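Thanks, everyone, for making the time this morning. I would like to walk you through the open spaces in one protein model and what lines them, so please keep the sequence and the structure in view while I talk.

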Amino acid sequence: MIEDMLRTPAAVQDAERHTAHNYHPLPVVISSAEGAWVTDVDGRRYLDCLAGYSALNFGHRHPTLIAAAHAQLDKLTLTSRAFLHDQFADFCRELAALCGKNLVLPMNTGAEAVETGIKVARKWGYQVKGVPAGQANIVVAEGNFHGRTTTIVSFSTDSDARADFGPYTPGFRIVPYGDLAALTEAIDEHTVAVLLEPIQGEQGVVVPPEGYLRGVRLLCTERNVLFIADEIQSGLGRTGTTFACEHEGVVPDMYLLGKALGGGIVPVSAVAADTDVLGVLQPGQHGSTFGGNPLACAVATEVVRLLATGEFQRRSAALGERLQAGLRGLIGKGLVAVRGRGLWAGLDIDPALMSGREACERLMERGVLAKDTHGSTIRLAPPLVITEEEIDHAVAQVAAVLAG
Ligand SMILES: Cc1ncc(COP(=O)(O)O)c(C=O)c1O
């Protein structure tokens with residue numbers, strides 16, 4: 001195809017002209033997708049190795065999820081929480097069961113789930129733990145990524161995410177990730193929660209040292225502090241188990257879920273916890289017009305049912321080993337480190353070779369979509385429907401990019 005017949009350059013330019021530049025997308029304009037593959041406006045196909053930052057764990061347009069969405073669109077889409085609807089109870093009951101918790105509070109975006117967790121923990125602190133009014137603190141980790149609201153960026157350690165968005169919300173303490181001694185030190189009698197990602201995604205798929213999550217669990221129990229696990233990216237099959245906390249046999253007091261919960265179709269997030277925690281909320285104290293809407297519930301219930309079979313977790317575990325082994329084979333051949341669990345990998349490229357952005361651009365030219373983070377790191381998080389051959393293909397393209 002000759003260059004000036006391509007639709008991509010004009011589409012990229014048009015988007016640049018009319019949008020705020022709060023993202024720096026790769027110059028690919030996608031118009032359709034199925035499973036692990038997307039097609040751009042010029043008919044080029046790419047293997048999607050980002051999967052919407054894990055929002056597409058079940059692949060693009062999973063037939064069961066699309067059917068649920070279509071059926072629901074023809075019946076009822078929105079009621080607001082002023083009324084109940086016939087999709088609501090099933091979703092909450094089945095998600096609660098998947099989490100092993102009593103209650104669920106549905107919202108829309110991941111950031112809203114995090115905000116919900118923070119509010120619930122503070123209220124629990126005042127009403128149940130007996131923290132004096134206005135004194136609650138929450139301990140978080142360096143390198144965290146929990147979303148983009150003003151409160152959440154208040155405890156980010158990423159200057160891009162944080163700078164010039166103050167004044168910041170007080171009440172957070174930041175400790176090094178993976179450092180149990182620092183966490184122990186930071187907790188005092190006014191601490192209501194420890195909020196952590198069991199694996200730090202945005203930071204480059206950083207897996208904490210073995211025993212860390214177990215230590216956090218013990219510490220939180222001992223000190224009467226809630227352990228809030230942000231499983232928005234790590235959860236729902238991504239790491240080979242339903243929740244990443246399972247790798248250490250740990251059950252947090254509160255799960256924060258999002259991304260894949262919406263099946264790649266609608267934004268659905270949720271907080272799951274037991275009644276002694278989520279039960280602190282009373283009518284009027286929290287909510288969202290679209291939270292738990294019929295379309296969201298219809299799709300998300302099917303997501304929960306797909307996960308309840310265990311099939312996707314098994315795929316992620318088995319195929320993840322293949323992915324991780326393939327990538328580890330590139331250490332010393334352009335990669336300096338590979339981290340990850342299941343179908344989730346962070347690759348550190350030798351910075352002398354190229355930046356993560358450059359690597360992603362070259363991967364794109366070779367028909368593989370991935371996303372860089374922090375300098376020379378790229379993340380791979382393909383849909384869990386990816387096949388062995390497709391994994392081998394992705395690894396071969398990474399190898400070819402590194403080989404120049
Ligand atoms: C661990 C984690 N928490 C929260 C969020 C925020 O989710 P959302 O972008 O849906 O607000 C993200 C998004 O990447 C995330 O990775």
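**Pockets, ligand and backbone**

Let me start with helix H4 (88-99) and strand E4 (103-107), each of which supplies at least two residues of the lining of the second largest pocket. Helices (H or I, at least four residues) and strands (E, at least two) are DSSP runs, numbered from the N terminus. Before I go further, please note that this is a predicted model, in which local features need pLDDT of at least 70 and side-chain atom pairs count only at pLDDT 80 or more, while totals for chains, interfaces and linings use all residues. Residues are numbered from 1 along each chain as its sequence is written, and side-chain values use heavy atoms, with hydrogens and water left out.

Staying with the second largest pocket, its space comes to about 400 Å³, and of its 19 lining residues, Arg81, Val104, Leu105, Pro106 and Leu281 lie nearest the centre. Strand E4 gives the largest share of that lining, five residues. By class, the lining holds eleven nonpolar residues, seven polar and one charged, where Ala, Val, Leu, Ile, Met, Phe, Trp, Tyr, Cys and Pro count as nonpolar, Asp, Glu, Lys and Arg as charged, and the others, Gly among them, as polar.

What takes up the space of the largest pocket? That space is taken by the ligand, a molecule being counted as sitting in a pocket if more than half of its atoms lie within 2 Å of the grid points. The largest pocket has a volume of about 1,500 Å³, and 48 residues line it, with Tyr23, Tyr53, Arg148, Glu202 and Lys371 closest to its centre. Strand E14 contributes the most to this lining, with three residues, and the lining as a whole divides into 21 nonpolar, 15 polar and twelve charged residues.

Around the ligand itself we find, among others, Thr109, Phe145, His146, Glu197 and Gln233, each with a heavy atom within 4 Å of it. A backbone N or O atom of Ala111 is 2.8 Å from a ligand oxygen, a polar side-chain atom of Asp230 is 2.7 Å from a ligand nitrogen, and an N or O atom in the side chain of Lys259 is 2.7 Å from a ligand oxygen. Of the 390 Å² of accessible area that the ligand has on its own, the protein covers 81%, by the Shrake-Rupley method with a 1.4 Å probe.

Lastly, two points about the backbone. Gly166 and Pro167 are joined by a cis peptide bond, with omega about 0 degrees, and Pro167 is placed in the loop between H7 and strand E6 (172-175). Val205, a residue other than glycine, has a positive phi near 55 degrees, and its place is in the loop between strand E7 (191-196) and helix H9 (212-222).

Definitions and conventions. Polar contact = N/O pair within 3.5 Å; in protein donor to acceptor, adjacent residues only side chain to side chain. 1 Å grid on protein atoms, 1.4 Å probe; cavity = no way out; pocket = protein on both sides within 12 Å on 5 of 7 lines; lining within 4 Å. Points joined across faces, edges and corners; volume = space filled by probe spheres on them.
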